[in-house]
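Subject: Structure for you to look at

Hello,

Here is the structure I said I would pass on. Please open it next to this email, and read the notes below with it in view.

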Amino acid sequence: LSLAAVLRLLALDKGIWQDEYGSLRLISGDNLFAALRAHNHPPLYYLVLKATSLLARDDSFLRLPSVVAGVGAVFCLWRWVSRYSQFGAACAALLAAPQPLFVRYSQEMRMYGLLLLLTTLSFWLADEWRRNWSDWRLAAALTLVLVLAVSAHLIAVFVATAVLFYLA
């Protein structure tokens, strides 16, 4: 987790690229909700970004929710796999921590780090629920996480489908 955090915190001040500028422009308008209704992506990440921007407007600071989500995804992966093997969980976390796309998406003001966290968390919860079908709290938590995932990016509909296949 330390490796994941360090790699994601490096070079957060790399400058804004076009899609990040679009994220900033979206949350900087006068009417956020009207802008979100007109936008082609679900609103969850932009609401998180707006809340973060109320604390500070520095580019590096605005990337911190993605950093936290990226490190959280490595943690969820480790917790999920550790049920089966501590060694396997350590290997999975050590492979995920420096994975270039995971690091990159965890350093952007875009929803991909959050989507990665919610995807990993949904599979971990699905695995927990599969082992204890009678626990309604796990079912409710999994449902909430999948709803949040779809609220972060529409591709999560396919994540939900994959989770249902995993449960089957």
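A disulfide is a pair of cysteine sulfur atoms within 2.5 Å. A search of the whole structure, which is a predicted model, finds zero disulfides. The sulfur of Cys 76 has its closest cysteine sulfur in Cys 91, 19 Å away, so the two are too far apart for a bond. Cys 76 counts as buried, because its relative accessibility is 5%. Cys 91 has a relative accessible area of 30% and is partly exposed.

Next, the core. In soluble globular proteins, nonpolar side chains tend to be buried together. Here the largest nonpolar core has 45 residues. Those with the most contacts inside this core are Tyr 45, Tyr 46, Leu 118, Leu 142 and Val 163. At least two core residues come from each of α2, α3, α4, α6 (64-82), α7 (86-96), α9 (112-131), α10 and α11. The helix that gives the most is α9, with nine residues.

Leaving aside residues up to four places away in sequence, Val 163 touches Ser 122, Phe 123, Ala 126, Leu 142 and Leu 146.

Helix α2 (18-28) has a set of buried residues: Glu 20, Gly 22, Ser 23, Leu 24, Leu 26 and Ile 27. What do the buried residues of α2 pack against? They pack against α3 (32-38), α4 (44-53) and α5 (59-62).

The loop between α1 (2-9) and α2 holds Ala 11. Most residues other than glycine have a negative phi. Ala 11 is not a glycine, yet it has a positive phi of about 60°. Its relative accessibility is 47%, so Ala 11 counts as partly exposed.

Val 147 belongs to helix α10 (residues 136-152). With a relative accessible area of 46%, Val 147 is partly exposed. Between Val 147 and Leu 118 there are 29 residues of separation in sequence, and their C-alpha atoms are 9.5 Å apart in space.

Last, the surface. Which residues form a nonpolar patch there? The patch is made of Ile 155, Val 157 and Phe 158, and together they have about 290 Å² of accessible area. Val 157 sits in helix α11 (residues 156-167). The relative accessible area of Val 157 is 41%, which means that this residue is partly exposed.

Regards

Note on methods
Residues are numbered from 1 along each chain as its sequence is written. This is a predicted model: local features need pLDDT of at least 70, side-chain atom pairs count only at pLDDT 80 or more; totals for chains, interfaces and linings use all residues. Side-chain values use heavy atoms; hydrogens and water are left out. Patches are made of residues with over 30% relative accessible area and no salt bridge: like charges are joined within 9 Å, nonpolar side chains (Val, Leu, Ile, Met, Phe, Trp, Tyr) within 5 Å. Accessible areas come from the Shrake-Rupley method with a 1.4 Å probe; for residues, only the protein chains shown count as cover. A salt bridge is a side-chain nitrogen of Lys or Arg within 4 Å of a carboxyl oxygen of Asp or Glu. Helices (H or I, at least four residues) and strands (E, at least two) are DSSP runs, numbered from the N terminus. Buried means under 20% relative accessible area, exposed over 50%, partly exposed in between (1.4 Å probe, protein chains only). Contact means heavy atoms within 4.5 Å. A nonpolar core is a set of buried Ala, Val, Leu, Ile, Met, Phe, Trp, Tyr and Cys residues joined through side-chain atoms within 4.5 Å.
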